[in-house]
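My notes follow the structure.

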Amino acid sequence: MLSLWIAALWLFFARITRLPRRVMWGPLAALWVLLVLLHLLAPGSRAAELMGGNAAGWLVLGGFVAVILAYRRLLGRLRARSAPAPEPAPRDDTLSEAELDRYSRHLVLPEIGGPGQMRLRQARVLVVGAGGLGAPVCLYLAAAGVGRITLVDDDVVSRSNLQRQVIYRDDLRGEPKAYAAAQAMMALNPHVDVTPLIRRIGADDAHFVAGHDLVIDGTDSHASRAGVNAACVAAGVPLLSGAIARWEGQVTLFDPARGAPCMACLFPDAPAAQMPCAEAGVIGALPGVIGSMMALEAIKHLTGAGQGLAGRLVLHDALWSQTRVIDCARDPGCEVCGSGAALAQADGAS
């Protein structure tokens, strides 16, 4: 049948050119729709005979494939949701000779030294989002020797990512970001443990978040950030958050359990005209600048070096090469971490 030959040739072409899966399946779905319409509208025609099959057969085949794809997607989500929080792995109390050589530039810093490097080695960090901000965060945390890193992302690598997400290569298009980034991190430093998960983090994931010492959020929407913030507040885990748009970026540490504000204290509502990077645009090097700042603040927080960003917000304007820091405080009436949350819980209980 000509239709099967067309489908086979397309799959072969998509395979050798490493097209993303979404791009690969789109034309096949369109071909199936055309075949069904052809057999329904012109049964017995020369074109229908040439393409082969019949309407009933193509409908059954399409339904069978749809069931398989839906089952695989559901199974993947269930597996991701059921993944337990990482358990601390037994580790030696001393650095190996290879690690001493690898981290030698850290070890000579008086603010870090051997004790600080051991704290990095024993740390458990959750990175939410392996996109523009997540790329430098993941690479620098792995390079610094953060012992256990959980990486969460449910997206796949696309061509438009490669302008700024430098952890990926062109031949990885269509691959899950979490797995591709984890491979790059472990190739950079075999002394770290990386757990990739294809899922999202929401407000109901407090138990999962509680298994970590620090959460780093590099997602790109207010709704996603709000969900991660709510989970961190409920778990009492510090949240290092970064955001970028066009030429500007910001970094701060949310930690209401220790007196600092949470995200909802500063940004209780979504921006009135929020646009994703695909619409607003973003200069390619900006995620590297802000993501590197996030990785640096994470290392400082985990080792206790210097002054962190709890209660302080860094604003960076790359177009005019200006950076400023503003102080920020908790909102006593915050609906996530303040009295507003307690009132909401009381109303719900009553």
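1. Which residue in strand 2 is the bridge partner of Arg124? It is Arg148. Strands here are DSSP runs of E with at least two residues, helices are runs of H or I with at least four, and both are numbered from the N terminus.

2. On provenance: the model is predicted, with local features requiring pLDDT of at least 70 and side-chain atom pairs pLDDT 80 or more, while totals for chains, interfaces and linings use all residues. Residues are numbered from 1 along each chain as its sequence is written, and side-chain values use heavy atoms, without hydrogens and water.

3. Eight strands form an open sheet with mixed pairing, in the order 3-2-1-4-5-6-7-8; two strands pair if DSSP finds at least two bridges between them. Strand 3 (193–197) and strand 8 (322–327) are the edge strands, each pairing on one side only. From one strand to the next the twist averages 15°, with angles taken from 0 to 180 degrees between N-to-C directions of axes fitted to C-alpha atoms, for helices over the stretch in contact (heavy atoms within 4.5 Å).

4. Strand 1 (residues 124–128) pairs with strand 2 (residues 148–152) in the parallel sense over five bridges. Leu126 stands opposite Thr150 of strand 2.

5. Strand 1 also runs parallel to strand 4 (residues 214–217), joined by four bridges. Val127 has Ile216 as its bridge partner in strand 4.

6. Helix 9 (residues 177–188) lies across strand 2 and strand 3, at about 170° to strand 3.
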